[in-house]
Amino acid sequence: MLIGEVARRAGVSARMLRHYEALGLVSPSGRTGSGYREYSGEDIRRIFHIESLRSLGLTLREIGRALDDPGFTPTALVGDLIDRTRERIAGETELLHRLGRIAAADPADWEDALHVVALLHALRSTSAGVRQRAALSSGDEVPAEALVEAVLAEADPHAAGALRWALARSGDDPTALLAAGLDSPEAVVRERAVRALAGMPGPAAAGALHNALAHTDPAVRRYAAPALGARGVVEALPALVDMIAAGENDIDAADALGALAGPAGPDGDGAPDGGADAAADRPAATLVERLAHETDAAARGRLTQALGSVPGAGAARALRELSRDEDPAVAMTAAYLLRLREAT
């Protein structure tokens, strides 16, 4: 069979067949009287074998070794091919993500597109300072998806703060992406997600934080509850009081209780019947109720101190009663807080 017919049947160009011959991969068994290459059935089978191995990603050198080495075993080579294929897929997937982010930024021209590429590259820098500066200068050019990915991966506190700031002022709503981070199997990613949600404005972020109050990870609850308390969501009260009693982020929790009972009162989400006065007294009443059942001395001390952060008549009444508590430490703390309150 002449080279043209072989090329047609094998789906390989005549030029490629000559290249195979030059490399020693295949050699026609004979020549016609006019000097044309003539391929036997065995030659054609070898060409099909070469093409089959090429389809697996083997190089021509690897193919020659596989076909000509009687002691060759494919196991190691196939394992190497699997690793190379995975690396290639990972690289292509990353490229696809990067292209998607550039498309989401909707650049007006190539200069804008290259600026987005530079920012995305800077967000992945090994230097925390470079990542921080990129976050601070990102503006609306970097899509929320890229910022969320950077936030969830950022370990440096300064760069993380800059990224959360950039995310909060992003034109896109990243709430769903951050909420998905709460389901991560990695505790550190869950914490980064809830901290970012705590800094996000709007009802969507508040709703995600409200759901986080029931999260199985106590670290997630510790960040969600103070953020909700600062927004005036009274459903956060039990979690805030638990945090104070346990001494876990208790200062932020006490501040959130003060915000719930502050002059502006709650924002109405979950406020009990009875008006603003009843809502303002609820933090103090919840603390007093917990104190009545708390037996741990350190926890009782923290709960009493928290009353000092709560404005209003209800907290003042509770402190007067606690100034006569049978626990001397609680009584002294309550009396001191009362004196401070009366002096201001």
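**Contacts, spread and one buried glutamate**

Biologist: What share of the contacts in the protein chain with a separation of 6 or more comes from residues 24 or more positions apart?
Modeller: Those residues account for 52% of them, where contact means heavy atoms within 4.5 Å. This is a predicted model, in which local features need pLDDT of at least 70, side-chain atom pairs count only at pLDDT 80 or more, and totals for chains, interfaces and linings use all residues. Residues are numbered from 1 along each chain as its sequence is written, and side-chain values use heavy atoms, leaving out hydrogens and water.

Biologist: Happy with that! Which helices and strands does the protein chain have, by number?
Modeller: The chain has 19 helices and 2 strands, counted as DSSP runs (helices: H or I, at least four residues; strands: E, at least two) numbered from the N terminus.

Biologist: Why is the protein chain called more spread out than a compact globule?
Modeller: Its radius of gyration is 34 Å, well over the 20 Å that the globule rule gives for 344 residues, so the chain is more spread out than a compact globule. The radius is taken over C-alpha atoms, and the rule is 2.2 Å times the number of residues to the power 0.38. The C-alpha trace spans about 120 × 50 × 35 Å along its principal axes.

Biologist: What makes Glu 294 buried?
Modeller: Its relative accessible area is 16%, and buried means under 20% (exposed is over 50%, partly exposed in between; 1.4 Å probe, protein chains only), so Glu 294 counts as buried.

Biologist: Where is Glu 294, and which residues are in contact with Glu 294 beyond four places in sequence?
Modeller: Glu 294 lies in the loop between α16 (275–293) and α17 (297–307), and its contacts there are Ala 245, Ala 299, Arg 300 and Leu 303.
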